[in-house]
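Here are my notes for you, written as numbered points. Keep the model open beside you and find each residue as you read.

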Amino acid sequence: MTDQLPTPFQNTDFRLDVPDGDDRMRRICNRCNFVDYVNPKIVTGAVVIKDRKILICRRAIEPRKGFWTLPAGFMEEGESVEEGARREAREEAMAEIEIDGLLGVYSVPRISQVQIMFRAKLLSDIAPGPESEEVKLVSWADIPWSEMAFPTAVWALTHYAETRHLKAFPPFGNPPGTDKVTREVIRL
């Protein structure tokens, strides 16, 4: 019978209104006027390298099941972005990694995500975790570009290639001209 329970947006304890001093509709508690802010999700991950090869994972889950990506995923409460990137590498590729530095921060407004990607070194063997069908280390020439799941993974790989010989560099953001990709719904 849970399908008959009110959704958070239908809950009679809350109303949709624009709070004083704000510029957008928010959920506000009818009893105490608490504003229930809904904020973007943070994704964290890494371009993981061992012997000049890059760790990629074939997704076993939606979205984009069967496509390749980098080890990355949503942060959990109570962890840093670095801890999240290390956890995601363990979950997706059974990999232990050492974070080398911040590579890029990418914004994807259409799905309310901020994606934070690091450069990292692989310290262990790899094997598919529960969210991966397959994991492997590939050379740059063997990256399956047409089978990559997300544009942000392609950006991170490209930005890694631009900085692989540098110790320090400013982090990257969304490449110029990608607003259509990050703001509009893409039909696959």
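**Notes on the model**

1. Let's start at serine 124. Its side chain reaches the backbone nitrogen of glutamate 96 at 2.8 Å, which is a polar contact (a pair of N or O atoms within 3.5 Å; within protein, one must be able to donate a hydrogen and the other to accept it, and residues adjacent in sequence count only if both atoms are side-chain atoms). Serine 124 sits in the loop between β9 and β10 (132–138). Helices (H or I, at least four residues) and strands (E, at least two) are DSSP runs, numbered from the N terminus.

2. Is serine 124 buried or exposed? With a relative accessible area of 18%, serine 124 is buried. The classes are buried for under 20% relative accessible area, exposed for over 50%, and partly exposed in between (1.4 Å probe, protein chains only). Setting aside neighbours within four places in sequence, serine 124 is in contact with Lys50, Met94, Ala95 and Glu96; contact means heavy atoms within 4.5 Å.

3. A word on what you are looking at. This is a predicted model, in which local features need pLDDT of at least 70 and side-chain atom pairs count only at pLDDT 80 or more, while totals for chains, interfaces and linings use all residues. Residues are numbered from 1 along each chain as its sequence is written, and side-chain values use heavy atoms, with hydrogens and water left out.

4. How confident is the predictor? pLDDT is its confidence in each residue, from 0 to 100. The protein chain averages a pLDDT of 92, and 92% of the residues score at least 70. Where pLDDT is low, the predicted coordinates should not be read in detail.

5. Next, please look at strand β4 (residues 41–50). Of its 10 residues, 7 are buried, so this strand is mostly covered. Two strands pair if DSSP finds at least two bridges between them. β4 runs parallel to strand β9 (residues 113–122), and 9 bridges join them; valine 43 has glutamine 115 in β9 as its bridge partner. β4 is also joined by 3 bridges to strand β7 (residues 72–74), and these two run antiparallel. There, threonine 44 has glycine 73 as its bridge partner.

6. Now follow β4 into its hairpin. Strand β5 (residues 53–59) runs antiparallel to β4, with 2 bridges between them. Lysine 50 stands opposite lysine 53 in β5. The hairpin has 2 residues between the strands, and aspartate 51 takes a positive phi near 50°.

7. β9 has another partner to find. Strand β8 (residues 97–108) pairs with β9 in the antiparallel sense over 10 bridges. Which residue in β9 is the bridge partner of leucine 102? That partner is phenylalanine 118. The β8 and β9 hairpin has 4 residues between the strands, and serine 112 takes a positive phi near 50°.

8. There is also an open sheet of 3 strands, in the order β1-β2-β3, with antiparallel pairing. β1 and β3 are the edge strands, each pairing on one side only. β2 and β3 pair over 2 bridges, and arginine 27 stands opposite aspartate 36 in β3.

9. Finally, the charged pairs. A search of the whole structure finds 13 salt bridges, each a side-chain nitrogen of Lys or Arg within 4 Å of a carboxyl oxygen of Asp or Glu. One of them joins aspartate 13 to arginine 31, with the closest N and O atoms 3.4 Å apart. Aspartate 13 lies in the segment before β1 (14–17) and arginine 31 in the loop between β2 (26–29) and β3 (35–36), so the pair ties together parts that are 18 residues apart in sequence. Aspartate 13 is partly exposed at 29% relative accessibility, whereas arginine 31 is exposed at 68%.

10. Compare two more pairs. Arginine 24 and aspartate 23 meet in a salt bridge at 3.3 Å, N to O; arginine 24 is partly exposed at 46% and aspartate 23 is exposed at 60%. Glutamate 88 and arginine 87 form a salt bridge with their closest N and O atoms 2.9 Å apart, and both residues are buried. A network of salt bridges links Glu79, Arg87, Glu88 and Glu91.

Key:
pLDDT is the predictor's confidence in each residue, from 0 to 100.
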